[in-house]
Amino acid sequence: MPTKKKPQVTAPKKPAAAAAAHARRSELLETAAEVFAEQGYNATTVRRIADHAGMLAGSLYYHFDSKESMLEEILRTFLDELWDGYDTVLAAGLGPRETLEALVTESFREIDRHRAAVAIYQKESKQLVAQDRFTFLAESQRKFEKAWLSTLELGVAERVFRADLDVRLTYRFVRDTVWVAASWYRPGGQHSPEEIARQYLSMVLDGIAVRT
């Protein structure tokens, strides 16, 4: 009797190979983020990113179909991680001062993890939001503003922050002075993100906290 043929089974992709591919993709995104942050999105070409990555431009297209897709992934990764941290803080039931402190600390941690992405977001978001592909930036900005304003308003209502505080002006001050740190901060420097946040908060909160 003829023997039955065993069904052919395609070998799954080896975990090591998948991990290496993922690591390479992450490296390329880090390189692209640094180039975008330094030279500007419009001035950056795929060839320039490939040059910095030490590869041919055609090889870069094996991983990404365009520089737009690279930028989208860079910004989405940054904002997803930012909101994971922010949502945890906002759901913790802390008081307004403690919430403000935690949000500032989380912001500096994100600058440490995604300095180049933060710099891109600061420089490019106003122009990018006009493109359908980047409308998620506008939604994130609205959520960001709501989170910070509601925290400041609650602090005023609970007499934790001064009654004469202009919350919108304070929000803009805190927002701009925190995120501008991406222009000078370098990971692995003298101060950790938590220490920078502590120093920053000591300066800000002495100006807006109720004195007893």
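Analyst: Let's start with the rings: two rings of Phe, Tyr or Trp count as a pair if their centres lie within 6.5 Å, with the six-membered ring standing in for Trp. Keep in mind that we're looking at a predicted model.

User: Okay, how many aromatic pairs does the structure hold?

Analyst: Twelve aromatic pairs turn up. Take Y86 and F144 as a worked case: the ring centres are 5.8 Å apart and the planes sit at 25°.

User: What do I call the geometry of Y86 and F144?

Analyst: Planes under 30 degrees apart count as stacked. The Y86–F144 planes are at 25°, so this pair is stacked. It also ties together distant parts of the chain, with Y86 in helix α4 and F144 in helix α7, 58 residues apart.

User: Are Y86 and F144 buried or exposed?

Analyst: Buried means under 20% relative accessible area. Y86 comes in at 0%, so it counts as buried, and F144, at 8%, is buried as well.

User: And how does the pair of F134 and F136 look?

Analyst: That one is tilted, with 6.1 Å centre to centre and 40° between the planes. F134 is buried at 0% relative accessibility, and F136 is buried too, at 15%.

User: Which residues form one aromatic cluster?

Analyst: The members are F78, W83, Y86, Y121, F144, W148, Y171 and W179.

User: What about charges over rings? Which charged residue lies over the face of F136?

Analyst: R76 does, at 4.0 Å from the ring centre. W83, one of the cluster residues, has a charge over its ring as well: the charged end of K143 sits 4.1 Å from the ring centre.

User: Now salt bridges. What's the idea, and how many does a search of the whole structure find?

Analyst: The general idea is that side chains of opposite charge can pair when their charged atoms come close. Here, the search finds 16 salt bridges. One of them joins the side chains of E72 and R133, at 2.6 Å from N to O.

User: Which residue does the side chain of R109 meet in a salt bridge?

Analyst: That's E194, with an N to O distance of 2.9 Å. Again distant parts of the chain are linked: R109 belongs to helix α5 (residues 96-113) and E194 to helix α9 (residues 193-208), 85 residues apart. R109 is partly exposed, with a relative accessible area of 30%, and E194 is partly exposed at 36%.

User: Which residues do salt bridges that share partners join into one network?

Analyst: The network takes in E81, E106, R109, E110, R113 and E194. Among its bridges is the one between R113 and E106, at 3.0 Å from N to O.

User: How do R113 and E106 score on accessibility, buried or exposed or in between?

Analyst: R113 is partly exposed, with a relative accessible area of 43%. E106, on the other hand, is buried at 10%.

Methods
Residues are numbered from 1 along each chain as its sequence is written. This is a predicted model: local features need pLDDT of at least 70, side-chain atom pairs count only at pLDDT 80 or more; totals for chains, interfaces and linings use all residues. Side-chain values use heavy atoms; hydrogens and water are left out. A salt bridge is a side-chain nitrogen of Lys or Arg within 4 Å of a carboxyl oxygen of Asp or Glu. Buried means under 20% relative accessible area, exposed over 50%, partly exposed in between (1.4 Å probe, protein chains only). Helices (H or I, at least four residues) and strands (E, at least two) are DSSP runs, numbered from the N terminus. Rings of Phe, Tyr and Trp (its six-membered ring) pair if their centres lie within 6.5 Å; planes under 30 degrees apart count as stacked, over 60 as edge-to-face and the rest as tilted. A charge sits over a ring if NZ of Lys or CZ of Arg is within 6 Å of the ring centre and within 35 degrees of the ring normal.
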